[in-house]
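Let's take a friendly walk through a protein model, stopping at a few spots along the way. Have a look at the fold first, and then we'll go residue by residue.

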Amino acid sequence: MSWFGGLKAKVLVNEALAKHTTLKSGPGAGLWIEPFDKEDLRALIKRCRSLKKNYFILGSGSKVLFKKKKVPLVIHLGSDNFKRCALEGTDIIASAGVSLNRLLAVAYENGLGGLEFLNGIPASVGGALALNAGVGWPVRLDIGTFVYEVEVMDRLGRVRTLSQKELKFKYRWSNLKSRVILGARFRLFKKRKKNIRIKMDKFWDYRKTTQDLGYPSAGCVFKNYNGQSSGRLIDLCGLKGSRIGDAQISAKHGNFIINLANADSKDIVSLIKLAQRKVRAKFGITLEPEIQII
C-alpha cells in the first residue's frame, strides 16, 4: 500500500502544474493530492510530518512560479468542502478554496460592501489572505482590513481560529504563511447593490485599461518600493516588451511578465533577474518579488 493509502482524497501522479497556475508554466508534481475534508487534510499533514515529506499548498496558482524540474508533493484544497460560503448577518464565512469572484458574488447578492476592489483578481481566499491581496489605486486597499478571524491548521495538524488581534497584515504580507489557511470570516457592511456593482465595474475597468490580461501571467511580479511603482521603474529602464523565449515583460504594464505561448520557467526567472539587475543599476533599488518562486 502507498504511504497515502486510506485517505479520502483525489490523487494524481505526475500532474502538470502548468494546468494549475495562471502563468500556465511549470514542471510536474510527483503527487497532486486533494483531501476530501479537514479531517483528511489533518491526516495527510500528520503523515507527511512523520515521514518527513515536504509539501506545497497550492491555491488558484495566481501568484506562484515553479522553477524546479519537479515538485514532489502538492496539496490542493479543491474539494467542495473547501469551497463553502455562509452568511451570518453582515459577515461572510468563506473556506480557503473559494475564489474571490465567488466571494464577491455572495457579497453582491446580499448587499454587502467593502471587497469590491478585489474584482478581477484570480485568487482563492486562502492565497489572497496569505499575500494580503489588494490594490494601490486610487488608494491602497487590502483584504486584511476586512478579516475578522481566520481558521488555520498548523504543521502538526492542529486547528485553531486566530482572532483579529492575532492577525498581522502588511503590504503584500501576512503572518499566515507558515500555516495552512482553512477559511476566514469577513466583516462587511450593508450597501446598495447598485453602488456595489458600480464600484466593482470601476476596478475591473481599471485593470482592463492598465494591465495585460490577454496572456497568462502571475499579475504584478514585484512589490512596489516605498510607494514607487515597480512597473514605472522597469519602464524607465526601457524593459517593456523585452523577451526571452516565450516569456515577455508586458509592453502594457512593466510589472507583468506574460506567457506568449509556451514560456519556460527558466526564461521567466531570467526576465525577473534582468528587471532586478537593470533597476538596481539605474536607481539603486532592489526589487522584491511579490510572486512566490518555488
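Start with Gln 248, which counts as buried because its relative accessibility is 17%, and the cut-off for buried is under 20%. Keep in mind that this is a predicted model. Gln 248 sits in strand S19, which covers residues 247-249.

What does the side chain of Gln 248 reach? Look for the backbone oxygen of Gly 241, at 3.3 Å. If you skip the neighbours within four places in sequence, Gln 248 is in contact with Gly 241, Ser 242, Arg 243, Phe 256, Ile 257, Ile 258, Leu 260 and Leu 271.

## Helix H6

Leu 271, one of those contacts of Gln 248, is also one of the buried residues of H6. This helix runs over residues 265-283. H6 has 19 residues and spans 27 Å from its first C-alpha to its last, close to the 27 Å expected at 1.5 Å a residue. After the helix comes Gly 284, with a positive phi near 70°.

Which residues of H6 are buried? They are Ser 265, Asp 267, Ile 268, Val 269, Leu 271, Ile 272, Leu 274, Ala 275, Gln 276 and Val 279. These buried residues pack against strand S4 (64-65), helix H5 (230-236), strand S18 (243-244), S19, strand S20 (256-259) and strand S21 (292-293). Take Leu 274 as an example: its relative accessible area is 16%, so Leu 274 is buried. Not counting residues up to four places away in sequence, Leu 274 touches Leu 239 and Ser 242. Leu 274 and Gly 238 are 36 residues apart in sequence, and their C-alpha atoms are 11 Å apart in space.

Move on to the loop between H6 and S21, where you'll find Glu 290. Is Glu 290 buried or exposed? Glu 290 is buried, as its relative accessible area is 10%. Its side chain makes a polar contact with the side chain of Lys 63, at 2.8 Å. Leaving out residues up to four places away in sequence, Glu 290 touches several residues, including Lys 63, Leu 131, Tyr 171, Arg 172 and Cys 220.

Arg 172 deserves a stop of its own. Arg 172 is in the loop between strand S13 (169-170) and strand S14 (173-174), and it is buried, with a relative accessible area of 7%. Its phi is near 50°, a positive value in a residue other than glycine.

Lys 24 has a positive phi, near 55°. You'll find Lys 24 in the loop between strand S1 (9-16) and strand S2 (28-35), and at 45% relative accessibility it counts as partly exposed.

Which peptide bond is cis, with omega near -5°? That's the one from Trp 137 to Pro 138. Pro 138 belongs to the loop between strand S9 (134-135) and strand S10 (141-142).

Asn 226 is in the loop between strand S17 (217-220) and H5.

## Empty spaces

Now for the gaps. Rolling a probe the size of a water molecule over the atoms shows where empty space is left. The second largest pocket has a volume of about 340 Å³. Its lining has 18 residues, and Lys 38, Ile 93, Ser 95, Glu 151 and Leu 182 lie nearest the centre. S15 gives the largest share of that lining, four residues. By class, the lining divides into eight nonpolar, four polar and six charged residues.

The structure also holds one cavity of 30 Å³ or more. The largest cavity has a volume of about 40 Å³, and among the residues that line it are Leu 104, Tyr 108, Glu 116 and Met 200. Helix H2 provides the largest share of this lining, three residues. The lining of the largest cavity has eight nonpolar, two polar and one charged residues.

Note on methods
Residues numbered from 1 in each chain as written. Predicted model: local features only at pLDDT ≥ 70, side-chain atom pairs only at ≥ 80, totals over all residues. Heavy atoms only, no water. 1 Å grid on protein atoms, 1.4 Å probe; cavity = no way out; pocket = protein on both sides within 12 Å on 5 of 7 lines; lining within 4 Å. Points joined across faces, edges and corners; volume = space filled by probe spheres on them. Helix = DSSP H or I, 4+ residues; strand = E, 2+ residues; numbered from the N terminus. Nonpolar A, V, L, I, M, F, W, Y, C, P; charged D, E, K, R; others polar. Buried < 20%, exposed > 50% of the residue type's maximum accessible area, 1.4 Å probe, protein only. Polar contact = N/O pair within 3.5 Å; in protein donor to acceptor, adjacent residues only side chain to side chain. Contact = heavy atoms within 4.5 Å. Expected span 1.5 Å × (residues − 1).
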